[in-house]
Amino acid sequence: MMISSKKLTQLSVICWVAVLFCQSVQSQLQVGFYRNSCRRAELIVRNAVRDGINKDRGVAAGLVRMHFHDCFVRGCEGSVLLDSTSSNTAEKDSPANSNSLRGYEVVDDAKAKLEAECRGVVSCADILAFAARDSFDLTGGISYDVPAGRRDGTVSLAAETSDLPPPTFNVDQLTQNFAKKGLSQEEMVTLSGGHTIGRSHCSSFSNRLYNFSGANSQDPSLDATYAASLKQKCPQASTDPNLVVPMDTITPTISDVNYYRDILANRGLFTSDQTLLSNTATASQVNSNSRSPLGWKRKFAAAMVKMGRVEVLTGNAGEIRANCRVINS
């Protein structure tokens, strides 16, 4: 079939427009975005994160988790940071977030210092993306470049946290959940490694200890010794909502591959952790990550950068909040 030169020209123009459009979407976030407008922005955030971790090692896990929970609801636009009001329950006060997120005060500290130095320039969404990177790095991970230029959203609804994957999800549900955000199954396994640091409330996994199949039975995929240890820390009759256990049994404050080694030893804390062994492809990735500490860290950094682009607001969309907890009046 012959194509006229006019049609070829039209096609080439369409192709160039498509390429330029894709590039513009990608380039809306840029590494070094604040180089001219607020030169010390990333250093100020890093110092705030370091101060926070020095006071409480658990803050690092809280900030990594907070960035993830931000990006999976409305995209990475800081809606998880907004406080509830008399007429609205915000994301942070939903059951999925209220007991599991920590580190808001670190974001507040960084924002106050940034406003003093560069008023109205650095978004809360970018602060959170930088803080998650620094938390990973300062707990034994690696540093990586974070493209910035996100703007802050103005809506935060507790009901929308249904987009977050619960700890009861199986591998197929996790794969579908991450795919909705443009993340692959391998990236899901990689990002699950964020559970290498932090803690969990007993309520997030107690069904695996006492009521796995509707009777008083234990999840058979749990290592028996580990299960006995968890039962000691999380008694069935306890009504204490503050009981917590570390996510990683070996090095709960260090970002490393012991999370994957725990899964291989049937010591994955959540159903959503242990389920990674139930699928051939994800089990292979668990094995590979467990043997490649630096390889996993590099993959985690790349997956965090990709996740950090989910449904971002840029340009004139959204706003730059003066206070991360409230929208501008």
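## Basis

Ala, Val, Leu, Ile, Met, Phe, Trp, Tyr, Cys and Pro count here as nonpolar, Asp, Glu, Lys and Arg as charged, and the others, Gly among them, as polar. The model is predicted: local features need pLDDT of at least 70, side-chain atom pairs count only at pLDDT 80 or more, and totals for chains, interfaces and linings use all residues. Residues are numbered from 1 along each chain as its sequence is written, and side-chain values use heavy atoms, without hydrogens and water.

## Pockets

A pocket is an open set of points on a 1 Å grid over the protein atoms alone, with protein on both sides within 12 Å along at least five of seven lines; lining residues have an atom within 4 Å of a point. Volume is the space filled by probe spheres (1.4 Å) set on the points.

The largest pocket has a volume of about 830 Å³. Its lining has 18 nonpolar, 14 polar and 3 charged residues; Arg-65, His-69, Ser-100, His-195 and Phe-270 lie nearest the centre. The second largest pocket, about 220 Å³, is lined by 14 residues.

## Cores

A nonpolar core is a set of buried Ala, Val, Leu, Ile, Met, Phe, Trp, Tyr and Cys residues joined through side-chain atoms within 4.5 Å, where buried means under 20% relative accessible area (1.4 Å probe, protein chains only). The largest has 64 residues, and Leu-63, Leu-81 and Leu-276 have the most contacts inside it. Apart from it lies another core of 13 residues, including Leu-209 and Tyr-210.

Technical notes
Buried < 20%, exposed > 50% of the residue type's maximum accessible area, 1.4 Å probe, protein only.
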